[in-house]
Amino acid sequence: MNTEQQNTAAGPELVVGVSPHIHSGASVERIMLDVVIALLPAVAAALYFFGLNAARLIVTCVATCLATEWICRRLMGRNNTLGDFSALVTGLLLALNLPPGLPTWMAIAGGVFAIAVAKQVFGGLGYNPFNPALAARAFLLISFTGPMTTWSASCIDATSTATPLGMVKEAFKAGAPAPFAMDGGLTLDFLLGNMNGCIGETSAIALLIGALYLLYRRVITWHIPVAFIGTVAIYAAILHAVNPAASMPVHFHLLTGGLMLGACFMATDMVTTPTTARGRLIFGVGCGLLTMVLRTVKTGAYPEGVSFAILIMNAFTPLINRATRHRIFGAAEAAKREARK
Amino acid sequence: MKVSPAPFLFRGGIHPPDSKTATAALPLKDLPLPARLEVSTSQHLGAPAAPCVAVGDRVTAGQLIAKASGFISANVHAPAAGTIAAIREAPTPTGRTATAIIIETDADAPAGEPPYKPIPDWREQEPRSLLDRVAEAGIVGMGGAGFPTHVKLSPPGDKPIDTVILNGAECEPFLNSDNRLLIERAAQVLEGCQIIRHILGAATLCVAIEDNKREAAAALFAAMKATPGDNQIHILKTRYPQGSEKQQIYSVTGRTVPMGGLPMDVGCVVENVATAYAVWDAVVNGRPLTARAITVTGDAVNTPTNWFAPVGTSFADLVAASGGARDNLAKLIAGGPMMGFALPSLEVAMSKTSSGLLLFPRECVRPYRSMACINCGRCVEACPLGLMPNELSQAAEADDIDEAENRHVMDCFECGACAYVCPARRPLVQHMRRAKAVITQRRRAAAQQKKT
Amino acid sequence: MITSILVVSGIGLVCGVALALGARYLSVEENPLIGTVTELLLGANCGACGYAGCGGYAQAIVAGEAPPNRCPSCTPEALAQISAALGIAPIEAAAREVALVLCRGDDEQAQKRFVYDGITDCAAAAAVGGGDKACRYGCLGYGTCLRACPAGAIEMVNGVARVHPELCISCRKCVAACPRGIIRMVPAASHTHIFCSSRDPGATVRKVCKVGCIGCRICTRLAEGAITMDGTLAVVDYKQPLDNEELPAKCPGKCILKV
């Protein structure tokens, strides 16, 4: 047996690996960068409507998240992952989910929680069961309920410091009629984002532009946003049809609160959502139902339910994945053949 | 005759850039006879052939030099006249090693008679005698796996075959060997299919071809006019892996091969273009399979060429004939880029299944990363079998081989669609392969234990 | 405040009593010797004795189904204590064996044929083009043994696995895990080894590795029977005493080392 030839074949340093030898070019970095790009309209709207406060929160959250990511990875003795931009996305999303007047130190606490507790404790990107930004928002909401539900004045009522959803919930709880009518002018304001709310959630139009970009780039699929928003719309339509006096019209539910931000950016976070198309539809419908239940049940404590709805559905993701596995090609035929035998 | 778009489409799949333009229009060129041929005895699936010549023997072109040993095995013939210089272990294009017969060729030897009797009147012959010819000629599936064709063409009696499918998809990017064979020798390929149909007693011949190969489709159309019987041309949507047997059967007939089953379970036999051509050559001309079409291309070779080259030609000779490799050569691939094998050096000889040799420059070679899965689900969408490559690879990574087995990792045929789309660039196919290797080993050990 | 303290303490008390009663009356009758022996064994649950964990082995020992000297990690003192506890004559400890990687062809000494691109696992790497090490018998260095080792006794040094003998618990997991089959169990008392597994002819070895056995047979003469030739590879016969101090210096392949 002569192996000399094989061993001494001099040549260039060739790379040998397993097929396939070509790649689509998709990368995690590019996906995260696309999400950042898609968030730019919402960031612009936040800066326009909330001014310096928005800038303060965005800078704080992004800087905190990046710093926390770097420190955590270093302490764990793992590679530096700032380059995958996922911490940047988390920082941006967290900032957009905060009310404009939140003290800076609370935003920092949120950023640290998002990265250190909700993400790196589980092993970093890909292993976290809950969306880090939403987990941090829930953490802040529970820890600092006051500051997290204090809003600045806006178009609806120059003196009120409540969100439209909050005003509606209080009114219906007290058995009063709706506090305002969803006429054309107000709808336009809501569409543009001229109302109280978290700095990034108010402008439906900016968020939708971002979502279209994500769809165009194939970063997300249509299933979750359509199922989520569609479920909210149908639920609201039924409520309104049954009892118009004690419920708001469909477009109110679609344009207020965190629905657009949640449905387009938070519920589409691929790490924490199902992988199959059917699973995504179930996930979206579940988010929609939970959101509307939390919003409209009168005894509920919070006027808004998008973030809790998504977090709850995040917990169901492994289960949904398990239940919606694809049919394996030829499995049914093999089973039939077995049965015939 | 009927020409129509394929009525069905398998789920999943991907759309890699086809990268075929560099060689699509280049006619097949006969390679000048190399001074040395290294003919492997293991160019097929199954047991290696047993050498039946000795060092120092003179052989004529087409002479049998290694006999099939066992039911699933195939004969090997001398591609050219010459002297046996050595019989030794040599690497194969699939990354293994096997016994190879080295022939110092004799360029001045006269082209003798074909080693087998031509059967131009095959229509009058018994299928049995034609099947024997296919076996004698050492014909194997030339699309990649190299399954001995005579075995494929002798299904058990309880599995009647009604449809022969000619696989003209050539869905692997870069390759044009089948495409050129169809453009230039469509009539011969079709006659090979007729012979196969005759052997199997099948009624229908379906030619499946992707919609990006118009010239080949036109050549087929022209040649088919003269072909008697129920002939159909199915134009497939260009989508990888249309060339995979089971996916193609579904696209063409709507039949689903049961998991763990074979095409004959649904009355189909799929044959590759080059195989059909080899069948024609063996039956009509009496010549064994000793040469094939091979595309040499990629950005790191100076003159991309479609060769018609003898089996056993070293890739170094092929590259030299193609103007040589460029300095930036970083990866050498035998076969297509999706399922081909990366080679450690050019000192490997082409086999009956070598449809292409790709030379990739450094900038096209990006390493895999064992980064965490981000659960994006693109692999799940891409898998033509409906497997969950994300879960399978994670199970394999965690050494949870049982979980991978329960999730049907053994059905994976390593098309690579999942790894192609993975944004985390995880080596998914390698994870599958590792899990499959462990399971195969376990099953073998279990079977062994049962015996003793 | 007081109420809460009382309630919580009460719950604790009730549970504690319940557990105590349960342990007293529901306990499964077990030979107390099993517990004693289990504690004397190391508790690594490595499986080297052939039983599922130390508990299983202890049961077998007490039942008289197995001799107590099968645990490779057991110290002689512990073995003596086990024998004493069982009331049997002290059994001689089997000579301790440790795993040894018979290759020192690291990234500087041994050549590579190509750049491997894939998962960090030796079996997976060996399946790709036969492995990137130019030597077919060389340590691939992708750490499969390291991950198989329950004792953390294996370290990768410059692309070659090295077992720390003082940490080795003799479980043989690395021996089974190595796809190249170049990890061998050797007596812990032996210190001179031939760190090469190549069965290739000397000329081939020379071309691919600076620290490989070239089959020159010089060592077989110097070792006076303690080194034998297996084809072109010199192999230490650990049954013979090997105390020639000159060996490492005299080996032209530089693969005999005293460690």
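**Exercise 1. Find how far apart the C-alpha centres of domain 1 and domain 2 of chain A lie, and which helices of domain 1 touch domain 2.**

Step 1. The C-alpha centres of the two domains of chain A are 21 Å apart. This is a predicted model, in which local features need pLDDT of at least 70 and side-chain atom pairs count only at pLDDT 80 or more, while totals for chains, interfaces and linings use all residues. Residues are numbered from 1 along each chain as its sequence is written, and chains are lettered from A and ligands numbered from 1 in the order in which they are written.

Step 2. Now place the domains. Domain 1 of chain A covers 28-146 and domain 2 covers 155-323; such bounds come from an automatic or database domain assignment.

Step 3. Next, look at the contact. Domain 1 of chain A brings 33 residues and domain 2 of chain A brings 29, where two residues are in contact if their C-beta atoms, placed from the backbone, lie within 7 Å. On the domain 1 side, helices H2 (28-76), H3 (86-96) and H5 (132-143) of chain A each supply at least two residues. Helices (H or I, at least four residues) and strands (E, at least two) are DSSP runs, numbered from the N terminus. H2(A) gives the most, with 15 residues.

Step 4. Sort that side of domain 1 of chain A by class: 27 residues are nonpolar, 4 polar and 2 charged. Here Ala, Val, Leu, Ile, Met, Phe, Trp, Tyr, Cys and Pro count as nonpolar, Asp, Glu, Lys and Arg as charged, and the others, Gly among them, as polar.

**Exercise 2. Describe chain B as a whole: its domains, its secondary structure and its extent.**

Step 1. Chain B has domain 1 (2-25 + 120-284), domain 2 (31-106 + 290-364) and domain 3 (378-451). Between the C-alpha centres of domain 2 and domain 3 of chain B there are 30 Å.

Step 2. Count the elements: chain B has 13 helices and 18 strands.

Step 3. Turn to extent. The C-alpha trace of chain B spans about 65 × 55 × 50 Å along its principal axes. Its radius of gyration is 22 Å, which agrees with the value near 22 Å for a compact globule of 452 residues. The radius is taken over C-alpha atoms, and the globule rule is 2.2 Å times the number of residues to the power 0.38.

Step 4. In chain B, 58% of the 452 residues count as buried. A residue is buried if 20 or more other C-beta atoms lie within 10 Å of its own, exposed if 12 or fewer, and partly exposed in between, with C-beta atoms placed from the backbone.

**Exercise 3. Work out the strand order of the open sheet of 5 strands in chain B, then follow strand E13 of chain B.**

Step 1. The order is E1-E12-E11-E10-E13 in chain B, with parallel pairing; two strands pair if DSSP finds at least two bridges between them. E1 (2-5) and E13 (268-272) of chain B are at the edges with a single partner strand each, so one side of each has no neighbour in the sheet.

Step 2. Follow E13(B) to its partner. Strand E10 (residues 163-168) of chain B is joined to E13(B) by 5 bridges. Leu166(B) has Glu271(B) as its bridge partner, and Val164(B) stands opposite Val269(B).

Step 3. Check burial and direction. In E13(B), 5 of 5 residues are buried. Cys268(B), Val270(B) and Asn272(B) point one way, while Val269(B) and Glu271(B) point the other. In a regular strand the side chains alternate between the two faces of the sheet.

Step 4. After H6(B) comes Gly254(B), with a positive phi near 80°.
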